[in-house]
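Q: I would like to learn to read this model one feature at a time. Please take me through it step by step.

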Amino acid sequence: GYSEGIIGNCNYSVIKLFSLLKWCVCVCFHSSSLSVGTKTGYRLFSVTAVDKLDCIHEGVECPDVYIVERLFSSSLVVVVSLSMPRRMNVYHFKKGTEICNYSYSNNILSVRLNRQRLVVCLEESIYIHNIKDMKLLKTLLNTPTNPSGLCALSVNHTNSYLAYPGSATIGEITVYDANSLSTVTLIQAHDSPLAALTFNSSGSKLASASEKGTVIRVFSVPEGQRLFEFRRGMKRYVSISSLSFSADAQFLCASSNTETVHIFKLEQHSPSREEESPTWSAYVGKMFTAASTYLPAQVSDMMHQDRAFATVRLNMFGLKNICALATIQKLPRLLVASSDGYLYIYNVDPQDGGECVLVQKHSEEQVEQKEEENPEDVPPQPASQSYAATVALPSTPPSSTTLMGYSEDGGAQKGEVIPEHEFAEGPVCLDDENEFPPVGNQSN
């Protein structure tokens, strides 16, 4: 079946939506890339302006695609089809070649990837591959039952943390280091089972929500310390379908099966400012803080929870919708993909918040119509493009402890295997046309 998931990160805000009838969407907004899985295959779009959606590639290798994940703005695309839900196909779409395919013991529920690792999640197991040669490095067997394939992988490959449910009955998170292949920590995040997980860009923060959907928490990684707690609502339980950090990790958005999308601001309240300019609200806040020390833990926690900084009121109710925060044309935007096949783009006021304003609405049908009318309007893609121009560098300065992926003069393009934990001076430098050689068929 189809599943829902979200990866929202740093320089790359990715949203992923599965619709039983229409499409799945994976959007990488930093590199202005949007991927759509359809009944006939998959399509890759460029989103560089709010009013323009250009198709740059259409893949018809297999129909009924329900998982499509692109490695940032590279030519590497991972596809899973309903016709073969246990097989993962990896393509180099610019060359039009298949790099490899892997078959698993059960249906693939989700796929996550960064420049160092490719993770495949089944209902009761997780497979970790080395992305430079697709070698299987680790199999996590007998993981807690995870019918939606919920997991998150940090896009920062030097902090390649993987998060997945540590329990099927409570909201425990297992944080795993996909580089060293070892468990980092267990976080007791919620009382009820998990519904959503996402890392920020650097992999230093992890946001989570439970099936109740009332409280969203943010933890430090790898320590697992609770940093923030936000209340989405109190009146009803909801199904949270996505969480996504902004590029600077100052904001976190959450969408659900309700008509409201919430944006929370991650800021530590300064008591000194309240003392300098006392207000009635500040006074009441201090009184609540003092009183909370004498009240039960659940009531005390509720008093310390922050509410939404900004919101969006959607014109639909009950539909699955996935959100992400991105910068488009140098302005902060909220993007919402809904299961009715539309992508909505809203303006966000980073200073005052409040109600976000809708600025554009896209649909795949509209894109198809434009292509039929003006097929030559889509700009041609360069035959060769390096990662230096398409993939953001790590958030920290390169050092001798930076893990190396494919190199332009490395063994990958010669069909050799680069040692798994090879360390190199300088930033990762990848050649988009040569870094992913054909590997062949594999079974697990």
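Q: How many bridges join β13 and strand β14, and in what sense do the two pair?
A: Pairing is read from bridges: two strands pair if at least two are found between them. The model is predicted. Here β13 and β14 (residues 135-141) are joined by six bridges, in the antiparallel sense.

Q: Which strand pairs with β13 through a three-residue hairpin?
A: That is β12, joined to β13 by three residues. Strand β12 (residues 117-121) pairs with β13 over five bridges, again read as antiparallel. Val119 has Ile128 of β13 as its bridge partner. Arg117 stands opposite Asn130 in β13.

Q: Which strand is joined to β12 by four bridges?
A: Follow the bridges back along the chain. Strand β11 (residues 110-113) and β12 run antiparallel, with four bridges between them. Arg112 stands opposite Val119 in β12.

Q: Why is β13 described as largely enclosed?
A: Count the buried residues, those under 20% relative accessible area. In β13 (residues 125-130), six of the six are buried, so the rest of the structure largely encloses the strand. Then check the two faces. Ser125, Tyr127 and His129 are buried on one side. Ile126, Ile128 and Asn130 are buried on the other.

Q: How many residues of β12 are buried?
A: Five of the five, so β12 too is largely enclosed by the rest of the structure. Its faces read as follows. One side carries Arg117, Val119 and Cys121, and the other carries Leu118 and Val120; all are buried.

Q: How many aromatic pairs does the structure hold, and why is the pair of Tyr102 and Tyr104 stacked?
A: Read the distance between ring centres and the angle between planes. The structure holds six aromatic pairs. For Tyr102 and Tyr104, the centres are 6.4 Å apart and the planes are at 25°, so the pair is stacked. The cut-off for stacking is planes under 30 degrees apart.

Q: Are Tyr102 and Tyr104 buried or exposed?
A: Tyr102 is buried, at a relative accessible area of 4%. Tyr104 also counts as buried, at 4% relative accessibility.

Q: Which residues do ring pairs link into a cluster?
A: Trace the pairs from ring to ring. They link Tyr102, Tyr104 and Tyr127 into a cluster. Tyr127 is one of the buried residues of β13.

Q: In what order do the four strands of the open sheet lie?
A: Step from neighbour to neighbour. The order is β27-β28-β29-β31, and the pairing is antiparallel. The edge strands are β27 (321-328) and β31 (357-363), each of which pairs on one side only. From one strand to the next, the twist averages 25°.

Q: How many bridges join strand β28 and strand β29?
A: Five, between β28 (residues 331-338) and β29 (residues 342-347), which pair in the antiparallel sense. Ala337 stands opposite Leu343 in β29.

Q: Which residue lies over the face of Tyr342?
A: Look for a charged group above the ring. Lys361 lies over the face of Tyr342, at 4.3 Å from the ring centre.

Q: Where is the place of Asp306, and how far is Asp306 from Arg232?
A: Locate the loop, then compare sequence with space. Asp306 is in the loop between α3 (297-303) and β26 (310-313). Its relative accessible area is 22%, so Asp306 is partly exposed. Asp306 and Arg232 are 74 residues apart in sequence, yet 8.9 Å apart in space, C-alpha to C-alpha.

Q: What do the totals for the chain say?
A: Begin with the elements. The chain has five helices and 32 strands. Next comes burial: 54% of the 444 residues are buried. For the surface, the chain exposes about 19,000 Å², and carbon and sulfur atoms supply 51% of it. Last, contacts. Among those with a separation of 6 or more, 49% come from residues 24 or more positions apart.

Notes
Residues are numbered from 1 along each chain as its sequence is written. This is a predicted model: local features need pLDDT of at least 70, side-chain atom pairs count only at pLDDT 80 or more; totals for chains, interfaces and linings use all residues. Side-chain values use heavy atoms; hydrogens and water are left out. Rings of Phe, Tyr and Trp (its six-membered ring) pair if their centres lie within 6.5 Å; planes under 30 degrees apart count as stacked, over 60 as edge-to-face and the rest as tilted. Buried means under 20% relative accessible area, exposed over 50%, partly exposed in between (1.4 Å probe, protein chains only). A charge sits over a ring if NZ of Lys or CZ of Arg is within 6 Å of the ring centre and within 35 degrees of the ring normal. Contact means heavy atoms within 4.5 Å. Accessible areas come from the Shrake-Rupley method with a 1.4 Å probe; for residues, only the protein chains shown count as cover. Axes are lines fitted to C-alpha atoms, for helices over the stretch in contact, and angles run from 0 to 180 degrees between N-to-C directions.
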